Amino acid sequence: MPQIPLTEMKPGQSGTITAIAGGQGLRARLQPLGIRPGKKITKLSSVFHQGPVTISVDNYQIAIGYGKAIRILVEVKEK
Amino acid sequence: MRKIVLVGNPNVGKSVIFSQLTGARVMISNYPGTTVEFTRGELKTKAETFEILDSPGTYSLTPTCRAEEVTAELVDQADIIVNIVNATNLERNLFLTTQLLERGIPMVIALNMFDEAAQKGIKINPEKLEELLGVPVVPTIAISGEGVKDIVRSIASARKVERNPSSDAERWSEVGSLVGKVQVVSHRHRTWIEVLQDASLRPLTGIPLAALVLYLTFKIVIGAGEFIHDVLFNRIVFGMLYGPLMNKLSALLGEGFWHDVLIGQLVEGEICFEESMGMLTTGVFVSFGLVLPFLVTFYLLLGILEDSGYLPRLAVMADRLMHRIGLHGYAIVPMILGLGCNVPAALAARNLESKRERFIACTIMAITVPCMAQTALIFGLVGRYGGAYLAVIFATLFLIWAVLGMVTDRFMPGYTPSMVLEIPPYRIPHLSSQLKKLAMRLNHFFCHAVPYIFGGIFFINILYTAGIIDFLAALFEPVVKGLLGLPGEAVTTLLIGFLRKDVAVAMLEPLNLTPGQFVVGTIVLATYFPCAATFSILVRELGVKDMLVSAALMIVTSLTAGTVLNLLLDRLLPPLHLAAVFVLLALLLIIAAGGTSDRRELRDYESYLLKGNRTQKAGLD
């Protein structure tokens, strides 16, 4: 299964978060929002030129800036 | 008195429940980060009177910004916790709940937005949840008040549970199994509002939408504000009713001190509401004739933007732009609030993660975002010379915004981390809550701004009478005249500007300036220093040391901008051309330069990866 950063997913693609490539601080910031390994997410959209990525987790939507999104690794379901 | 603290994730309706419980009026909006300070209230039940505290929203008890620090401190003081949970995102909300339960404080859970969850096909069994968690669980629909009485009733039976501290992983697995037992989700079709929700987040539809929303907002504020000011106030109230009354009073008072203070100086034997500088003439005119019409229309539209849930989407669309000046998308919120009043804007910066970005956001906001009171005066007074001069003012502010942002981002160490922002669903704003919010904001204007307007005008008259103005004018003439090309007396506007910027702009009027000089004066006034109310908040939020740095930036910026404008405007270029040059220059800078934070953040990631590889290799050996 290919594992790619959130920034490289295509809008509409779903996958499972496998890792947060960052220190304790970043994980502590993302985890309480439900962004943690094992969580299923769908990428909704992203703004071009290193803009933020929007994902949907469960029933809510979260926008993540490029610098953080690139550190979120996702295992993508192949179609 | 026992303390009840309301705790929950951002934007779950804590403030709505707080106002239902206490009757107190608090700001309520549909975006995360509306509440940044705690609000105190009282809850009277038959048995006991409680002190009740509304806290800023947080996702966990380990704070990640200043607003969340406030909440962590409040939880420590709580005798009873009311944990507000968003029923539409049970899993994520219960993570905080497990952290709270471990504190061993008696607790009640309000399962809010129960109706919205049902609409989304989410069915939760509150009794079962209560049984599993061991504390009372009450379903509520805060906005209509449903279930609020049940919260009050269950406070008496608030219980604490014995729990051992667990790791985050254990918490998530517990939450996961809880949700599996109490919640059933059935699939629903997407509603039109959800389609619009997604469209406003996609760049191809979202960016034009953002541009349209901002354009319409400003168009309506300016159009409606000018209409009310011009037709209703200028012609009818001041022209036909209040004006003649003041003329009578003027004749009655005769010459002397009280005439000067109340009516002010006559211009060609007549009262001039812009120039006379009396408390009852210019004071009343500035407060009600000029500022109020713009303030009402701006706050009406801001209220709609806030409650619809559009602001976080605007933050997403603005993220790239804000990154160029060392901030991220969410910093657009303090910038927009600042267009109303800089005080709540400086407070809203508490939602930003790092000290660095709070400094940049507060400094840039205080320098380049004029509050609505100031803007109203600029439109009212500079607008008479034509739109081109207005364009120069706002183009200059935009250029300063871009340059200052890039410079601070470049020279401050570290970087601004990218944003993480929950995007709430769109909701249709309620008329009643809109009116309540407008009333709160206008009340603030009448209680905190209008007295300063009158005080400022009274102060000017004292200064004139005591001859202090002539003294100061002579003292500062080299700077004011030499660099800025303004008459020495203009220095007093800076003195008054510390009290109220709107009055200070009005004070430029009797100086008989050319349109170009008026523009220079306005820019210097807008940028040189925040008003006293904003200043006191900034000192508190940034600390004395950072505020000194910020103040130095303000003064340097202001003198530079004033001097440059003095040299260029009308001497070298006509206003419209100069405005165009400034805007182009700013855009060019934004596109070509800046983004230091971006580069540093990515470099940080690269070095993290390198370090990771090295440890992996070490592991292999």
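Why is A:Gln50 classed as buried? A:Gln50 is buried because 20 other C-beta atoms lie within 10 Å; the class requires 20 or more such atoms, whereas 12 or fewer make a residue exposed and counts in between make it partly exposed, with C-beta atoms placed from the backbone. The model is predicted: local features need pLDDT of at least 70, side-chain atom pairs count only at pLDDT 80 or more, and totals for chains, interfaces and linings use all residues. Residues are numbered from 1 along each chain as its sequence is written, while chains are lettered from A and ligands numbered from 1 in the order in which they are written.

**Surroundings of A:Gln50**
- A:Gln50 sits in the loop that links β3 (40-46) and β4 (53-57) of chain A; strands are DSSP runs of E of at least two residues, helices are runs of H or I of at least four, and both are numbered from the N terminus.
- Leaving aside residues up to four places away in sequence, A:Gln50 touches A:Tyr66 and B:Asp598; a contact requires C-beta atoms, placed from the backbone, within 7 Å.
- A:Gly65 is 15 residues from A:Gln50 in sequence, and their C-alpha atoms are 8.3 Å apart.

**Contact between chains A and B**
- Chain B contributes 34 residues to the contact and chain A contributes 32 residues.
- Elements giving two or more residues on the side of chain B include α7 (168-182), β9 (420-423) and α26 (596-620).
- The greatest contribution on that side is from α26(B), with five residues.
- The side of chain B that touches chain A comprises 15 nonpolar, eight polar and 11 charged residues; Ala, Val, Leu, Ile, Met, Phe, Trp, Tyr, Cys and Pro count as nonpolar, Asp, Glu, Lys and Arg as charged, and the others, Gly among them, as polar.
- Strand β5 (residues 60-64) of chain A runs antiparallel to β9(B), joined by four bridges; strands pair if DSSP finds at least two bridges between them.
- Within β9(B), B:Ile423 is the bridge partner of A:Gln61.

**Chain B as a whole**
- Chain B has 26 helices and nine strands.
- Of its 621 residues, 48% count as buried.
- The C-alpha atoms of chain B fill a box of roughly 80 × 70 × 45 Å along the principal axes.

**Domains of chain B**
- Chain B is assigned domain 1 (3-185) and domain 2 (203-601), with bounds from an automatic or database domain assignment.
- The C-alpha centres of these two domains are 39 Å apart.
- Their contact takes 16 residues from domain 1 and 21 residues from domain 2.

Methods. Contact = placed C-beta atoms within 7 Å.
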